[in-house]
Amino acid sequence: KQACDEYQLALQCGKEYRNADLHLNAGSAFRYQENYSEALSHLKQAVKYDPNNVIGGLRSKRTAEFKASLLNCSSSINPFTGLTTVALFKDLKDGPNTGIVTIGKIVASLSHEDTVPIASVLMDVEGDRLALCIYNSAPSLSFSIGDTIAVADPYVIVVKDLNLPDLPGGPFRSIRVPNPSKISRNGSLPRPTQLAPSHLKISTL
């Protein structure tokens with residue numbers, strides 16, 4: 001509460017009411033006090049007076065938190081104990097990485113018209129990112145920003161010559177997961193209901 005009062009006083013000094021950093025800090029202080037209406041008001045003012053720095057600062061702060069979390073994550077996050085852990089995406093070779101498990105944080109979800117694959121962006125402990133595409137999953141399987149994902153036997157694909165309107169081109173790397181049983185979310189394997197059902201097709205001569 002003292003921090004909230006001090007930020008309020010500081011914002012009343014001269015032209016400090018236009019100080020985006022003060023509004024951002026005040027918003028954080030009020031959020032911890034669970035005064036969400038006041039927190040939102042200050043965050044809106046911060047974006048109003050310096051939108052680029054505020055948004056970029058929030059992203060940088062969250063990225064740093066995710067990287068620190070990965071650095072300190074315990075073995076309980078990885079249920080694939082019989083595999084060798086590779087922490088850095090740059091150490092994964094293109095193609096199959098049999099006997100390997102890699103761990104990252106979900107930092108973005110990619111929406112598209114189809115329910116499969118589930119497409120997300122995964123970040124490692126150094127901040128490197130790659131796409132994560134999971135096939136043969138049920139609609140009930142989903143991820144949230146900040147989830148810790150372990151991928152067993154990751155199959156790395158290099159996507160080249162992808163032309164998207166209004167977006168820069170260039171190759172990027174993606175992990176293709178053929179079955180959700182190869183991943184864990186925050187240390188837990190998917191439930192059977194989150195895997196796509198198998199269909200047996202029988203033909204007669």
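Is D153 buried, partly exposed or exposed? I looked up its relative accessible area, which is 26%, so D153 is partly exposed; I use buried for under 20% relative accessible area, exposed for over 50% and partly exposed for what lies in between, with a 1.4 Å probe and protein chains only.

Before going on, I note that this is a predicted model, in which local features need pLDDT of at least 70 and side-chain atom pairs count only at pLDDT 80 or more, while totals for chains, interfaces and linings use all residues. Residues are numbered from 1 along each chain as its sequence is written, and side-chain values use heavy atoms, with hydrogens and water left out.

Entry on D153. I placed D153 in the loop between β6 and β7, where strands (E, at least two residues) are DSSP runs numbered from the N terminus. Its phi is near 50°, a positive value in a residue other than glycine. I keep in mind that most residues other than glycine have a negative phi.

I then looked at the side chain of D153, which forms a salt bridge with K182, the closest N and O atoms being 2.7 Å apart; the term stands for a side-chain nitrogen of Lys or Arg within 4 Å of a carboxyl oxygen of Asp or Glu. K182 lies in the loop between β8 and β9, so the pair ties together parts that are 29 residues apart in sequence. K182 counts as partly exposed, at 30% relative accessibility.

Entry on the other salt bridges.

D147 forms a salt bridge with R185, with 2.7 Å between the closest N and O atoms. This pair links distant parts of the chain, since D147 sits in the loop between β5 and β6 (148–152) and R185 in strand β9 (residues 183–185), 38 residues apart. I noted that D147 is buried, with a relative accessible area of 7%, whereas R185 is partly exposed at 34%.

The side chains of K90 and E126 meet in a salt bridge at 3.5 Å, N to O. K90 counts as exposed at 53% relative accessibility, and E126 as partly exposed at 41%.

Entry on strand β5. Strand β4 (residues 118–123) pairs with β5 in the antiparallel sense over six bridges, two strands being counted as paired if DSSP finds at least two bridges between them. In this pairing I found M123 opposite R129 in β5. The hairpin of β4 and β5 has five residues between the strands, and there G127 takes a positive phi near 95°.

I also looked up the pairing of β5 with strand β8 (residues 172–177), which is in the parallel sense over four bridges, with A131 opposite S174 in β8.

Entry on N136. In the loop between β5 and β6 I found N136, with a phi near 55°, a positive value in a residue other than glycine. At 45% relative accessibility, N136 counts as partly exposed.
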